[in-house]
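Let's take a walk through this structure together. Have a look at it first, and then we'll go through some of its parts.

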Amino acid sequence: MNKFASAHWQGDIKKGKGTISTQSGALKEQPYGFNTRFEDEPGTNPEELIGGAHASCFSMAFSLQLGNAGYTPDSIDTKAKVTLEKDGDGFSITKVHLDMTAKIPGIDDDEFQKIAKAAKEGCPVSKLLNADISLDAKLQS
């Protein structure tokens, strides 16, 4: 299976502008640039997109692992905080922190934590990223 996204860029790094689009059309010429990445202007940025990909991938992996263990979640909500840090002359994504809250009937916290950890380690996006990935998992009753 192959999926794609594309990006278009014009201009220098500080004043230039770009757009990103995805195969599905969920993003179509969504603006991005230095100002959306470092100055909180409207638009997206690579770290936000990686965070969205990681949060959604983890949530699906967690749901799969829960199902394999005989549980069906009522809800799983995951936020991925992606850290971009100065690294020599450039920047590196150094950390991703997953913060997940889920409502799952019939599970105890020990089993919940064990499955959440396995999902964090098994998620394809977790495997892709060469960063420190941490997880806070909260079970709702």
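**A pocket, a core and some rings**

The largest pocket holds about 380 Å³ of space. Keep in mind that this is a predicted model. Lining that pocket are K3, F4, A5, I20, T22, Q23, S24, A26, L27 and L49. Sorted by class, the lining has six nonpolar, three polar and one charged residues.

Now for the inside. Nonpolar side chains tend to be buried together in soluble globular proteins. Here, the largest nonpolar core has 25 residues, and F62, L66, M100, I104 and F112 touch the most other members. Two or more residues come from each of α2 (46–68), β4 (75–87), β5 (90–103), α3 (109–122) and β6 (132–140). The biggest giver is α2, with six residues. Zoom in on F112 and you'll find it touching F62, M100, A102, I104, I107, A137, K138 and L139, leaving aside residues up to four places away in sequence.

Next, the rings: there are five aromatic pairs in the structure. In one of them, W9 and Y32 have ring centres 5.4 Å apart and planes at 45 degrees, so this pair is tilted. W9 sits in strand β1 and Y32 in strand β3, so the pair ties together parts 23 residues apart in sequence. Y32 counts as buried at 18% relative accessibility, while W9 is partly exposed at 31%.

F38 and F91 make another tilted pair, 5.3 Å centre to centre with 45 degrees between the planes. F38 belongs to helix α1 and F91 to strand β5, so this pair ties together parts 53 residues apart in sequence. F38 is partly exposed at 34% relative accessibility, and F91 is partly exposed at 47%. Ring pairs also bring in F34, linking F34, F38 and F91 into a cluster.

Conventions: Residues are numbered from 1 along each chain as its sequence is written. This is a predicted model: local features need pLDDT of at least 70, side-chain atom pairs count only at pLDDT 80 or more; totals for chains, interfaces and linings use all residues. Side-chain values use heavy atoms; hydrogens and water are left out. A nonpolar core is a set of buried Ala, Val, Leu, Ile, Met, Phe, Trp, Tyr and Cys residues joined through side-chain atoms within 4.5 Å. Buried means under 20% relative accessible area, exposed over 50%, partly exposed in between (1.4 Å probe, protein chains only). Helices (H or I, at least four residues) and strands (E, at least two) are DSSP runs, numbered from the N terminus. Contact means heavy atoms within 4.5 Å. On a 1 Å grid over the protein atoms alone, a cavity is a set of points where a 1.4 Å probe fits but cannot get out, and a pocket is an open set with protein on both sides within 12 Å along at least five of seven lines; lining residues have an atom within 4 Å of a point. Grid points are joined across faces, edges and corners, and a volume is the space filled by probe spheres set on the points. Ala, Val, Leu, Ile, Met, Phe, Trp, Tyr, Cys and Pro count as nonpolar, Asp, Glu, Lys and Arg as charged, and the others, Gly among them, as polar. Rings of Phe, Tyr and Trp (its six-membered ring) pair if their centres lie within 6.5 Å; planes under 30 degrees apart count as stacked, over 60 as edge-to-face and the rest as tilted.
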